[in-house]
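Here is a short report on a structure.

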Amino acid sequence: MAINWFKYSSPASFYSLAGKMIPIFVFVALILLAAGLYVGFFVAPTDFQQGEAYRIIFIHVPAAWMSMFLYVVMAFWAGIGLAFNTRLSSMLATAIAPTGAMFTFIALWTGALWGKPMWGTWWVWDARLTSELILFFLYIGFMSLQAAIDDPRRADKAGAIIALVGVVNIPIIYFSVQWWNTLHQGASVSINQAPAMASTMLTGMLIMVLASWMYSIAVILKRTRIIILERESHTAWVAELQKKGVM
Amino acid sequence: MFMWMIKRDLLLAMRRQSDVLTTLFFFIIVVSLFPLSVGPEMNMLRTMAPGVVWVAALLASMLSLGRMFSNDYLDGTLEQMLLSPQSLSFLVLGKALAHWLVTGVPLVLMAPVLGIQYDLPVEALFVLTAALLLGTPVLSLIGAIGAALTLGLRGGGVLVSLLVLPLYIPVLIFGAGAVEANMAGVGFDAHLSLIGAFLLVSLVFAPWAAASSLRVSLE
């Protein structure tokens, strides 16, 4: 039997598939979140250097990882949409951007909260902090470009180009900032020499990473569904959904 | 065709000299504002000079990006260019180079004078000029992508700054870094080599990306 690999690249079939998948991902995300927070707050030992304040790591690190990962995923789908003219890929890219920007913001915010008790300052011009900030700018640029364009097809393609240009630039920006930082010899503190972590800390962090992963998938699918409804509102199948009242 | 493009854009710019002069005076005014805001302490000004000049150059180059395509877009010339059998990337490269000749080169020529205002040593003035000479074409090339993407959009001028400024950061870091390294007595060739590398990479990729952006914007 030949499998139709492209069945779910049609917005109509993806819409119903996503509808079935969202509850599963929400459920898994909630379980993992509860488990991760439990491990993080009750099981993991107090750090001998940083005391209790280190526990923000369970939010901070997953958010920072997701922020970078989601940008690459977003650029990937935007690029696929640009190259093969598949509508759904571009919708997915558009749906990923706000979640990615949110995680970038959380990473910056919790980083500042962590920096204050540890380093005595909210912000240092450390290479990682600076490149995370620039990543936030790139997300904002992508979203505001798409928001400024009325025609959705043009918005998709223009967004794809700026996302791909951004992806090419991310390594350049990262290394520039890193070299700039070492040239300045400024940052007296660095996150690089984190002490070896207790295994329960690591477990808690990894559970939280999985939880944010599941959360992202659920939210992105939901947002994609909304974008599909908006853009396909002229089609027969959406009209039928409306008639049935299942939207 | 490529040379024709540059000649044509230069001719158009010469017919409207006020545009060129506005950008240049913007650059001069921004640089002159800093001593007024932070005080005339010479030691501080000397350390700030490379960064201030570079940031002002970034802003000046970015402000004039709107003109790169918009006039041709409004009178329909741009559509004719898209239809022409010539490679669009080459035409875009021509336009970006013309933009650099009109806005970048005056900045480069003006920079040493502004550097003197900030009491930079002579050698640092040379490094600043060399770094700007290598770096400003990169700004025009990357800027072409942003200008092409925001063509004909409402609020395009502000939007282009959001898109383009984060991409300018590497040039800014190494451009200002070259002068600082020179003043600190460290070698500056590595900085200039890196800006040169940015220039080569953007010469290859930026016209292509800007050309596809133009196709998206005009379809």
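Two residues are in contact if their C-beta atoms, placed from the backbone, lie within 7 Å. The model is predicted.

Chain B has nine helices and zero strands. From the N terminus on, its elements run α-α-α-α-α-α-α-α-α. The radius of gyration of chain B is 18 Å, close to the 17 Å that the globule rule gives for 219 residues, so chain B is as compact as a globular protein of that length. Along its principal axes, the C-alpha trace of chain B spans about 55 × 35 × 30 Å. Of the 219 residues, 50% count as buried. Among contacts in chain B with a separation of 6 or more, 81% come from residues 24 or more positions apart.

| Helix pair of chain B | Angle | Axis distance |
|---|---|---|
| Helix 6 (residues 88–117) and helix 7 (residues 122–149) | about 150 degrees | 8 Å |
| Helix 8 (residues 156–183) and helix 9 (residues 189–218) | about 155 degrees | 8 Å |

Angles over 145 degrees count as roughly antiparallel. Helix 6 and helix 7 of chain B are therefore roughly antiparallel to each other. Their crossing is right-handed. On the helix 6 side, the residues in contact include B:V92, B:H99, B:W100, B:G104 and B:P112. On the helix 7 side, B:L125, B:T129, B:P137, B:S140 and B:A144 are among them. By class, the residues of this contact divide into 15 nonpolar, six polar and one charged.

Helix 8 and helix 9 of chain B are therefore also roughly antiparallel to each other. Which hand does their crossing have? The crossing of helix 8 and helix 9 of chain B is left-handed. Helix 8 brings B:P170, B:V171, B:F174, B:G175, B:G177, B:A178 and B:A181 to the contact. Helix 9 meets them with B:H191, B:L192, B:L194, B:I195 and B:F198. This contact has nine nonpolar, three polar and no charged residues.

Next, the contact between the chains. It takes 21 residues from chain A and 20 residues from chain B. On the chain A side, the elements that give two or more residues are helix 4 (127–148) and helix 5 (152–184) of chain A. Helix 5 of chain A gives the most, with 12 residues. By class, the side of chain A that touches chain B has 15 nonpolar, four polar and two charged residues.

Methods: Residues numbered from 1 in each chain as written. Chains lettered and ligands numbered in written order. Predicted model: local features only at pLDDT ≥ 70, side-chain atom pairs only at ≥ 80, totals over all residues. Axes fitted to C-alpha atoms, helices over the stretch in contact; angles between N-to-C directions. Helix = DSSP H or I, 4+ residues; strand = E, 2+ residues; numbered from the N terminus. Parallel < 35°, antiparallel > 145°, perpendicular 65-115°, else oblique. Left-handed = near helix turned anticlockwise from the far one by under 90°. Nonpolar A, V, L, I, M, F, W, Y, C, P; charged D, E, K, R; others polar. Rg over C-alpha atoms; globule rule 2.2 N^0.38 Å. Buried ≥ 20, exposed ≤ 12 C-beta atoms within 10 Å, placed from the backbone.
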